[in-house]
There are 2 protein chains.
Amino acid sequence: MPSPSLARAGRPITVVDVARQAGVSLATVSRVINGSATVSALKREQVTQAMLALDFRPDPMAQGLRRGQGNAVALLVGDIAQRHFAELTQHVQRALEGQGYDLLLFNLGHQQQRLEQFLARALRMKLRGVVLATSDALTRPVFEAGRQLLAQGVAVVSLGQDLSREGIGSIVHEERSATRRSVERLLALGHRQVAYVGRVKGSAIGTERFLGYRDALQAAGTFDPVRVWDMSFRYTAGHESVMRALDEGISFTALQAGSDEIAMGAIAALEDRGLRVPQDVAVVGFGDIDLGAYLRPALSTLSSSPQLAATQLAELLRAAEAPAAGPVRIELPRELVERASSQGARKP
Amino acid sequence: MPSPSLARAGRPITVVDVARQAGVSLATVSRVINGSATVSALKREQVTQAMLALDFRPDPMAQGLRRGQGNAVALLVGDIAQRHFAELTQHVQRALEGQGYDLLLFNLGHQQQRLEQFLARALRMKLRGVVLATSDALTRPVFEAGRQLLAQGVAVVSLGQDLSREGIGSIVHEERSATRRSVERLLALGHRQVAYVGRVKGSAIGTERFLGYRDALQAAGTFDPVRVWDMSFRYTAGHESVMRALDEGISFTALQAGSDEIAMGAIAALEDRGLRVPQDVAVVGFGDIDLGAYLRPALSTLSSSPQLAATQLAELLRAAEAPAAGPVRIELPRELVERASSQGARKP
DNA sequence: CTGAAAGCGCTTACAG
DNA sequence: CTGAAAGCGCTTACAG
């Protein structure tokens, strides 16, 4: 006897087969599939047995078409090539799977236009949900599309950026207050010239982080725009910014970066110029990507919890089945992870 | 007048609407959608106009159900948290998008069981294709499932591992010969004790890379299993392996790693023990992840070309529409990227 | 070249 | 609690 999954390779098993085998109607089979309460124990058992015997699995497309709702959740990430988003994706995939959803991945590459294009298609895709995980500042058309999706019963959640004012449930991390605390610590260590790399243009989150830096320095009365460098979130940005600053003779003894990748690039530039970390310049990253612990010097950073965020996300998506009271906003804490790159007090 | 996409937010536009507006039958609309040749220029124009006016887009689920073939390609990656796979995913997403396919991401986390589970579901998902991107050695059930999918018209392609003997088209990089060349170069620089970290158990690719190392050392008559360390592909593995070897008093002046992440972990361990790279120990990674250039010392490595691989993949998927002569095998070259971590000749 | 009709595999009012 | 029937939005033989 061939194994069930190999049987009838030609024609897939459908509800019709199950109904016949169980001696019930299509409707009853469907009710069992969908866990309807109004099925007698006897028939439920018959159907269950038949499904098992035939190795039946419902056709997701047919279900999707009929229900008007598919099984996939789209994850739109700023850029999967950035460590932060890769780690996030890992956890989101796992969380969605636990919920029985498929993950449709769409890489934005930080292009607003690509986001809008996807959203235009999204309406037709019968998605279960759309997860927006990007640091980029968003525009009106995006919010429009989000509202349309929401209106069609598609769960829309923002991961990392607060969009609750736009009616979109959001799971965010501390940003501003986290940088503020980190910079205050650098000040407490005796640093007077603290630079900031990563007030990324067009990045909502980048701006938040910068504001925390400014808060701390303004309170101390040592804020100076000349020590704020704008670039992207990638390695190159950190490297080039520091090189340029050094060329221009801008002095600094500590550096708060807007991302760990920026911090890595910055450290490379400092070493290229013969400066030691942390002796000559203390460096703090942002995000706690896993490789930070394997750098030498190991990278101090402001932690994030992609796993927690993913768990919350799954919960939010499930909750979306029932209409919510209003858009949720969940904030996750960041801890300062002190490692070698920012250790030791600065001598006055 | 409201914008077309906002019109009728309640009821989606279907082929029925288009047919009515264009004054033709459903069949004709469908023929235009699918680019059938047998439509008169006049009707084609009418339908096209109607679709434009109504902002009509076909329902992918309905199309999928009827055609027996959806629009998604599943990408199964070894572990998205590994840099290498994240970069691959980035390029695959772009390539698939160019082909009009959606990307369904499934993270294996290197668990054979998860792969088998997915494959069991895959048959029902009406996928366009399945892309297997894992370094792990595969088992018979996986090949079985692959053949079943192939038989059902699902394109199956292996990325990174040669499965052409199993009837699965494969896009691979040089592995064995690449490591061999790299190690030969280390020997030429005067190194006599070259260690290898990363003959990962259960990794087909890891084994290939190791064999290239062994080829080179056996030819030189200096192969010694005590300098071969097995672990995983991650940072921790590199760090722990080197720590242990140092503890055990195993000597070596050069290190070939099975991945860049391993190399990073190894370098951290070396520095932790006060050894300098490359002066005391030269290190070469494998894979050319983008951050290698931003490490200090910058990481020498054996390049890969995820972009090229993704392009080839898209081509293979498209070609899969027509039945091929036999499983293809495409090999991409690796170049040695010489950076600081392995520079300079070893003094005898 | 074109249209009427059947059907892809399900779910869900509607009766009973 | 259960079944017969309609229908989700398309595509594709089948006639003409």
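A polar contact is taken here as a pair of N or O atoms within 3.5 Å; within protein, one atom must be able to donate a hydrogen and the other to accept it, and residues adjacent in sequence count only if both atoms are side-chain atoms. The structure is a predicted model, in which local features need pLDDT of at least 70 and side-chain atom pairs count only at pLDDT 80 or more, whereas totals for chains, interfaces and linings use all residues. Residues are numbered from 1 along each chain as its sequence is written, chains are lettered from A and ligands numbered from 1 in the order in which they are written, and side-chain values use heavy atoms, with hydrogens and water left out.

Across the interface of chain B and chain A, 26 residue pairs are in polar contact, both residues being at pLDDT 80 or more. Helices (H or I, at least four residues) and strands (E, at least two) are DSSP runs, numbered from the N terminus. On the side of chain B that touches chain A, at least two residues each come from α4 (60–67), α5 (83–98), β2 (102–107), α6 (112–122), α10 (235–247) and α11 (260–272) of chain B. The greatest share comes from α5(B), with seven residues. By class, this side of chain B has 25 nonpolar, 13 polar and 17 charged residues, where Ala, Val, Leu, Ile, Met, Phe, Trp, Tyr, Cys and Pro count as nonpolar, Asp, Glu, Lys and Arg as charged, and the others, Gly among them, as polar.

With contact defined as heavy atoms within 4.5 Å, 55 residues of chain B meet 55 residues of chain A. The buried area, that is, the accessible area (1.4 Å probe) that two parts lose on being put together, summed over both, is about 5,000 Å² between chain B and chain A, and carbon and sulfur atoms give 52% of it. M61(B), R124(B) and Y294(B) supply 17% of the area that chain B buries against chain A, more than any other three residues.

A salt bridge requires a side-chain nitrogen of Lys or Arg within 4 Å of a carboxyl oxygen of Asp or Glu. There are 11 salt bridges between chain B and chain A; one of them joins D272(A) to R296(B), with the closest N and O atoms 2.5 Å apart. Over all chains the structure holds 50 salt bridges. Within chain A, D162(A) and R329(A) form such a pair at 2.8 Å, N to O. It links distant parts of the chain, 167 residues apart: D162(A) lies in the loop between β4 (155–159) and β5 (169–173), and R329(A) in strand β11 (residues 329–332).

Strands are treated as paired if DSSP finds at least two bridges between them. In chain A, four strands form an open parallel sheet in the order β7-β6-β8-β9. Because β7 (228–229) and β9 (282–284) of chain A stand at the edges with a single partner strand each, one side of each is left without a neighbour in the sheet. Two bridges join β6 (residues 194–197) of chain A to β7(A), and V197(A) stands opposite W229(A). In chain B, an open sheet of four strands likewise has the order β7-β6-β8-β9, with parallel pairing. Four bridges join β6 (residues 194–197) of chain B to β8 (residues 254–257) of chain B, with Y196(B) and Q256(B) as bridge partners.

Some backbone details remain. A cis peptide bond joins V277(A) and P278(A), with omega about 5°, and P278(A) lies in the loop between α11 (260–272) and β9 of chain A. V277(B) and P278(B) are also joined by a cis peptide bond, with omega about 10°.
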